[in-house]
Amino acid sequence: MAERFELIVFDWDGTLLDSAAAIVSSILAACRDLGLPEPPESRARHVIGLGLGDALRHAVPELPESDYPRMVERYRHHYLSRDHELTLFPGAFEMIESLAGRGRMLAVATGKSRIGLNRALEHSRLGPYFHATRCADECFSKPHPAMLEQLMDELGVVPERALMVGDTTHDLQMAKNAGVAGLAVSFGAHPREVLEAERPLACVHTPQALSSWLHENA
């Protein structure tokens, strides 16, 4: 089968890295630190993938703008205290290695900060496999198409030859806004039913199924 996609763009948290639970617990812990009521876990999970400012604005709508810096500091304190314990999903390293060996261009579009992504790429040893990356503190946050548009421009790929892989509706909506195909994974932050409502090419339910789908279709 002729290759369909020249560029495959991955979200990071909840797609390659098993980090959704740690992000949720860090948001809840930061709320406790500031004496704020904890949001429902479903709301905290929903904001995963957004830039940190947008995420807090949605997860903790009662937070005064003047307290954002303190909230961000407490969130980062809790997350960074355990991010070295987080691991890639089973088979994720081998999947990326295989795609690179087959000549696919690979990229990351993430709600993480540049400092945070660089730490994660170094810790996971996946950094050398990605041709380009974009973070939420470098351009508009998802679901704005800027990350994908900039990646495609940098790598010289047209939208019809690009695929976005992610675990949130933010990822799939960004792909739609950029004219790019979307592939959903339901083992991260957002539940299957809301992902399928965005009508991705497919919604896979395990890391192994993701690897198989990409091997057969990308």
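Here is a short walk through some features of this model.

Mentor: Before we start, this is a predicted model, where local features need pLDDT of at least 70, side-chain atom pairs count only at pLDDT 80 or more, and totals for chains, interfaces and linings use all residues. Residues are numbered from 1 along each chain as its sequence is written, and side-chain values use heavy atoms, with hydrogens and water left out.

Trainee: At what angle do the axes of H7 and H8 cross?
Mentor: Helices (H or I, at least four residues) and strands (E, at least two) are DSSP runs, numbered from the N terminus. Axes are lines fitted to C-alpha atoms, for helices over the stretch in contact, with angles from 0 to 180 degrees between N-to-C directions. Here helix H7 (residues 146-155) and helix H8 (residues 169-178) have axes that come within 8 Å and cross at roughly 55°.

Trainee: How are H7 and H8 oriented to each other?
Mentor: Under 35 degrees counts as roughly parallel, over 145 as roughly antiparallel, 65 to 115 as roughly perpendicular, and the rest as oblique. H7 and H8 are therefore oblique to each other.

Trainee: Which residues make the contact?
Mentor: Contact means heavy atoms within 4.5 Å. H7 brings Met147, Leu148 and Met152, while H8 brings Met174, Ala175 and Ala178.

Trainee: And where should I look for a nonpolar core?
Mentor: A nonpolar core is a set of buried Ala, Val, Leu, Ile, Met, Phe, Trp, Tyr and Cys residues joined through side-chain atoms within 4.5 Å. Buried means under 20% relative accessible area, exposed over 50%, and partly exposed in between (1.4 Å probe, protein chains only). The largest core here has 59 residues, of which Ile8, Phe10, Trp12, Phe130 and Leu214 touch the most other members. Helix H1 (residues 20-33) gives the most to this core, with 8 residues. Another core, of 21 residues, lies apart from it and includes Val9, Met105, Val157 and Ala162.

Trainee: Which residues does a cis peptide bond join?
Mentor: Lysine 142 and proline 143, with omega at about 10°. Proline 143 sits in the loop between strand E3 (132-135) and H7.

Trainee: What about positive phi values?
Mentor: Arginine 125, although not a glycine, has a positive phi of about 65°. Its loop runs between helix H6 (114-124) and E3, and arginine 125 is exposed, with a relative accessible area of 57%. Arginine 199, also not a glycine, has a positive phi of about 60°. Arginine 199 counts as exposed, at 73% relative accessibility.
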